[in-house]
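Thanks for coming. Please have a look at it first.

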Protein chains: 2
Amino acid sequence: MVAELISVGTEILLGNIVNTNAAYLAEQCAALGLSLYYQTVVGDNEERLCGAVKEALGRSDIVILTGGLGPTKDDLTKEAVAKVTGRKLVEDKKARKVIEDFFRARQTDPKDITKNNWKQALIPEGALVVENKNGTAPGLIVREDNKHIILLPGPPGEMKAMFAEYIFPYLQKQNPGIIYSRMVKLCGIGESRVETMIRDLIDGQTNPTIAPYAKLGEVHLRITAKAEDEGQGKKLVKPMIRELKKRFGFYIYSTNERETLEEVVVTLLKEMNYTFAAAESCTGGLLTARLVNVAGVSDVLKQGYVTYSNKAKHKLLGVPKAMIKKHGAVSEKVAYEMAKGAALNAGADVSVAVTGVAGPDGGTPEKPVGTVFIGCSVKGQVTVREYHFDGSRQKVRENTVVCALTQLRECMLTRPKVK
Amino acid sequence: MVAELISVGTEILLGNIVNTNAAYLAEQCAALGLSLYYQTVVGDNEERLCGAVKEALGRSDIVILTGGLGPTKDDLTKEAVAKVTGRKLVEDKKARKVIEDFFRARQTDPKDITKNNWKQALIPEGALVVENKNGTAPGLIVREDNKHIILLPGPPGEMKAMFAEYIFPYLQKQNPGIIYSRMVKLCGIGESRVETMIRDLIDGQTNPTIAPYAKLGEVHLRITAKAEDEGQGKKLVKPMIRELKKRFGFYIYSTNERETLEEVVVTLLKEMNYTFAAAESCTGGLLTARLVNVAGVSDVLKQGYVTYSNKAKHKLLGVPKAMIKKHGAVSEKVAYEMAKGAALNAGADVSVAVTGVAGPDGGTPEKPVGTVFIGCSVKGQVTVREYHFDGSRQKVRENTVVCALTQLRECMLTRPKVK
């Protein structure tokens, strides 16, 4: 089956936002075994939007639209799909109730709900309403002559949650036979090195196929098999996963699609009965926040210190003032002391400390922007490593967080288990 | 003049990479005052690529293609443009020399240059060759019946450098007049309420136009004027900005396109000579990290405490254990004490404290998932507010951060200046 994406929004045409929705959906379509030949972006203009929908319906079986479902006058996706498929827009009771409940939960008097919000309860007649757990605009599925038109909200958080929970299984059912797909997730190794190491597998691929995806600081390998049923799919994929484990060993942190690096780290902490503390300078809380992504982290997380200033490094972590003066706040010695101090003061078994030059200012010839020291303390044994990252302040900080998690995982795994 | 983008590459259709080129070019087109109605992505397939080029030429004056200029068999962009415009592909001497020089600079013997590289010296007859300072594939400009077809390499580093140096000035010459655009940024007010309050302005718009963009917890209004020069553009936009200030007053935190909410908060702290500390529970460091986005925050940021556990709230912030037991960690009283304790222990003038139920577990009938208390202390005066957010754990936390910044800004602005 052939799928096609249409992203709706003048903000994409103006370059205000990067179209990450399209990349996400393209990857999902690949995972579903759908062929994707076109992605289109159109603005909030009914005529052009209708034209794009009509064209897509003429050449694809599944048309996925994102954006333009909100309450404003500029939101025209439902109107366009209704027009192209010759349907009326009618109010859906369930969708109306969702909006009422949404505002009731916010203590908004129903009569204070502005009128335009009710627009979100209108649906093309006969459409299937898809629940939106993260907003007021529901998703919609319109069936038209054996074709499927799928309307999803534009905000990535709403769109992705809805796609994963409802649309992925829906599309899976439409496609005869199945696509069985597994993800092998690596950290601590670069994309081009991974690619070189699997070049022969890519060149020789038939079924299953293998495709690398570069994520920030990580590489994910998707293995996809076309099969008659799940059992056959698993059987096809298994030898490839075994081969990858042989080649990459330790660099593989998970073979579970939904498991994140921070989840793996938190699970490891729990398994080893370790408590955790973080001390952050340039990352400013990002590292701790990443671990707090994991529900249930409270079992292991003692506390986090954001010690951006030298004073705070001294006061909260006990880093000697003279050491900061002599070696600089961004130094191996200070990272060492920060890690030690965080574990000690928090009474934690394990700690991670980060100090670096995130830029754009503050770089020197010896310590240019992007220089970062990460210290890990595991049961009193401290390891410090020096890193050099490229790119913006934001990118340096995000890379630092991934490397800190990678280093922490490695330090825990290479130590004997202590109860 | 109307422009259109075509991104060529199967890797985009598979979701292997995010199409950041399109966002960059879209923003550049907006800055050039070009109307952009469509962006298309097609794979490395000659038939579909020819179709996309033909369609684009039928509806736009300027067609910008990225990708597919490299040495491999999959690179088909020049072939497609030559076919659609009925031209032959001929070798360009200058382009051939660039390839020779490129490899000579890398100490490659000319006879070791693989044959496919010379493909990059082929151009559609009559095309203008554009220098590529960062790679071997030159850019091309093909003029066809008063239309401009612009071919750019796919790697963002090569594409952007080439666009900025050669293509932007080329296009500027084609398009008389300019587009002058300003952004008005609001926080603490919802998208649909903003929309209702500017409905008359949108309905009556001609030049300038006004368009709302919903960001997480914020609304941005873009005002765009077509003008002969910058002076006239400013004059056209000014009354609209004045009108918006009259309507939204305090909710507008910036009229500077590049200024973020966290920058406004840090600037305010600096102007008022205030130092700052944060105490975070459910946000786990996200709030402090957001402020650390701002380079130079070290002047005001004392420290951040991530006190996810009750123990840490007591130990680092002095929240009485009995109070946590009686009212719960997520309560007005605890938020109050956290804000007080953070300011006191960090020796800061201003503090923000956050405690909430981010979910997915931990909700109760009285305090369902999404319940958050935010406390702000400004010179000893503490304000606590209760919020209710919807959605995933991640979304609750991100919304909390924006509301904390909004509340902090408000608390500082509504207090007399203290030196």
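Start with Val352(B). Setting aside neighbours within four places in sequence, Val352(B) is in contact with Ala278(B), Leu287(B), Ala339(B), Ile374(B), Cys376(B), Ala404(B) and Leu408(B). Bear in mind throughout that this is a predicted model.

Which residues have the most contacts inside the largest nonpolar core? They are Ala342(A), Val352(A), Ala342(B) and Val352(B), in a core of 146 residues. Another core lies apart from it, with 104 residues, including Ala30(A), Leu49(B), Ala95(B) and Phe163(B).

Now to chain A as a whole. Chain A is divided into domain 1, residues 2–174, domain 2, residues 178–254, and domain 3, residues 261–413. The centres of domain 1 and domain 3 of chain A, taken over C-alpha atoms, are separated by 42 Å. The C-alpha trace of chain A spans about 75 × 60 × 45 Å along its principal axes. In secondary structure, chain A has 14 helices and 17 strands. Of the 419 residues in chain A, 50% are buried. Taking the contacts in chain A with a separation of 6 or more, 66% are between residues 24 or more positions apart.

Next, the sheet. Twelve strands form an open sheet with mixed pairing, in the order E6(A)-E7(A)-E8(A)-E3(A)-E1(A)-E2(A)-E2(B)-E1(B)-E3(B)-E8(B)-E7(B)-E6(B). Which strands stand at the edges? Those are strand E6 (128–130) of chain A and strand E6 (128–130) of chain B; each has a single partner strand, so one side of each is left without a neighbour in the sheet. On average, and ignoring direction, neighbouring strands of this sheet are turned by 15° against each other.

Let me take some of the pairings one at a time. E1(A) and E2(A) run parallel and pair over seven bridges; Glu4(A) has Tyr38(A) in E2(A) as its bridge partner. E2(A) also pairs with E2(B), in the antiparallel sense, over five bridges. Here Thr40(A) has Thr40(B) in E2(B) as its bridge partner. Is E2(A) largely enclosed or left open? Six of its eight residues are buried, so E2(A) is largely enclosed by the rest of the structure. In chain B, strand E3 (residues 62–66) and strand E8 (residues 147–152) run parallel and are joined by five bridges, with Thr66(B) opposite Leu152(B) in E8(B).

Two helices of chain A belong with this sheet. Helix H3 (residues 46–59) of chain A lies across E1, E2, E3 and E8 of chain A, together with E2 of chain B, and runs at about 170° to E1(A). Helix H6 (residues 156–174) of chain A lies across E3, E6, E7 and E8 of chain A, running at about 170° to E8(A).

Last, the contact between the chains. How many residues does each chain give to it? Chain A gives 66 residues and chain B gives 61 residues. The side of chain A that touches chain B has 32 nonpolar, 25 polar and nine charged residues.

Methods
Residues are numbered from 1 along each chain as its sequence is written. Chains are lettered from A and ligands numbered from 1 in the order in which they are written. This is a predicted model: local features need pLDDT of at least 70, side-chain atom pairs count only at pLDDT 80 or more; totals for chains, interfaces and linings use all residues. Two residues are in contact if their C-beta atoms, placed from the backbone, lie within 7 Å. Ala, Val, Leu, Ile, Met, Phe, Trp, Tyr, Cys and Pro count as nonpolar, Asp, Glu, Lys and Arg as charged, and the others, Gly among them, as polar. A nonpolar core is a set of buried Ala, Val, Leu, Ile, Met, Phe, Trp, Tyr and Cys residues joined through C-beta atoms within 7 Å. A residue is buried if 20 or more other C-beta atoms lie within 10 Å of its own, exposed if 12 or fewer, and partly exposed in between; C-beta atoms are placed from the backbone. Two strands pair if DSSP finds at least two bridges between them. Helices (H or I, at least four residues) and strands (E, at least two) are DSSP runs, numbered from the N terminus. Axes are lines fitted to C-alpha atoms, for helices over the stretch in contact, and angles run from 0 to 180 degrees between N-to-C directions. Domain bounds come from an automatic or database domain assignment.
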